[in-house]
Amino acid sequence: MHNFEKRRDRYEAFASFEKPLVNLSFELEVPEFRPFCKQNGLPPFHFFLYHVLHALEGIDNFMYRIHQGEVIKIKDFWASYTVINQDQNLNFARFEMTPDLKEFVARSVEAKKVAEASTRIINKSEDLSEYDQRRNIHITCMPWLKLTSIEHPIYQHKDYDIPSLAWGRFSEPRDDGRLTMTMSVQAHHGFVDGYHIHLLAEAIAARIARTMTS
């Protein structure tokens, strides 16, 4: 929490706002990882999700939450994302994070199957304790669309402290070995500035590059 104390006055300023959220959409550029995934039998979405979530975990500003009226820094969070079920309706996959890539992908694929098979909505935040509700990151991917922007449904803007990320369709392969997609990042502005979203984008690309060369 030492780093947070350096920006407590910024938090208190934005916390007084009715809608203290920052929401940026930008073109994320990363190494073209799909051939690597094909060679190693890794589903591209789950591979990319692994690097997004671990990049978030490495930046303090995305780990701050409001719990019982005070700011805390969570130690970890659930891996979760939206899924379309057998009725073509929204559902939620959720599983425990792990630093091991292959284990993460296995857990993610299994969680997706469970969410796809369920006709009722599952893995809602209401099912968790008050503290575990704070251990969350909201993730959605819309691979059918070239995303330009998004507005997430929010129960109450003033106290909303869970980062929400979304991305759309990946670009076609580029000659320079890069891949792009539009990504949207929403977070409490008392915790996160545009600079921290820039750091997140850099961290995602760097982590993917390290995995591909390790």
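Helix H4 (residues 44-57) has 14 residues and spans 20 Å from first to last C-alpha, close to the 20 Å expected at 1.5 Å a residue. The expected span is 1.5 Å times one less than the number of residues. The model is predicted: local features need pLDDT of at least 70, side-chain atom pairs count only at pLDDT 80 or more, and totals for chains, interfaces and linings use all residues. Residues are numbered from 1 along each chain as its sequence is written, and side-chain values use heavy atoms, with hydrogens and water left out. Helices (H or I, at least four residues) and strands (E, at least two) are DSSP runs, numbered from the N terminus.

**Helix H4**

- H4 is mostly covered, with eleven of its 14 residues buried.
- Buried means under 20% relative accessible area, exposed means over 50%, and partly exposed lies in between (1.4 Å probe, protein chains only).
- The buried set runs His46, Phe47, Phe48, Leu49, Tyr50, His51, Val52, Leu53, His54, Ala55 and Leu56.

**Salt bridges**

- A salt bridge is a side-chain nitrogen of Lys or Arg within 4 Å of a carboxyl oxygen of Asp or Glu.
- The count by this rule is 14 salt bridges.
- Glu29 pairs with Arg178, with the closest N and O atoms 3.3 Å apart.
- This pair links distant parts of the chain: Glu29 sits in strand S1 (residues 21-31) and Arg178 in strand S8, 149 residues apart.
- Both ends are partly exposed: Glu29 at 34% relative accessibility, Arg178 at 25%.
- Arg174 and Asp176 meet in a salt bridge at 2.6 Å, N to O.
- Arg174 is partly exposed at 30%, and Asp176 is partly exposed at 48%.
- Glu29, Arg174, Asp176 and Arg178 are linked in a network of salt bridges.
- Glu5 forms a salt bridge with Arg8, where the closest N and O atoms are 2.9 Å apart.
- Glu5 is partly exposed, at 43% relative accessibility.

- Thr182 is found in strand S8 (residues 178-188).
- Thr182 is buried, with a relative accessible area of 18%.
- The Thr182 side chain reaches the backbone oxygen of Leu147 at 2.9 Å.
- That is a polar contact, a pair of N or O atoms within 3.5 Å; within protein, one must be able to donate a hydrogen and the other to accept it, and residues adjacent in sequence count only if both atoms are side-chain atoms.
- Ile208 lies in helix H7 (residues 194-213), and is buried at 0% relative accessible area.
- Ile208 and Glu32 are 176 residues apart along the chain, yet their C-alpha atoms are separated by 9.1 Å.

**Cysteines**

- The structure holds zero disulfides (pairs of cysteine sulfur atoms within 2.5 Å).
- The sulfur of Cys37 is 13 Å from the closest cysteine sulfur, in Cys141, so the gap is too far for a bond.
- Cys141 is in no disulfide.
- Cys37 is buried at 1% relative accessibility, and Cys141 is buried at 18%.

**Nonpolar surface patch**

- Ile84, Trp144 and Leu145 form a nonpolar patch on the surface, with about 320 Å² of accessible area together.
- Patches are made of residues with over 30% relative accessible area and no salt bridge; like charges are joined within 9 Å, and nonpolar side chains (Val, Leu, Ile, Met, Phe, Trp, Tyr) within 5 Å.
- Accessible areas come from the Shrake-Rupley method with a 1.4 Å probe, and for residues only the protein chains shown count as cover.
- Trp144 is found in the loop between strand S6 (138-141) and strand S7 (164-167).
- Trp144 is exposed, at 54% relative accessibility.

**Positive phi in loops**

- Most residues other than glycine have a negative phi.
- Gln68 has a positive phi, near 55°, and is not a glycine.
- Gln68 sits in the loop between strand S2 (64-67) and strand S3 (70-73), and is exposed at 63% relative accessible area.
- Gln88 also has a positive phi, about 65°, although it is not a glycine.
- Gln88 is placed in the loop between strand S4 (79-84) and strand S5 (90-95), and is exposed at 61%.
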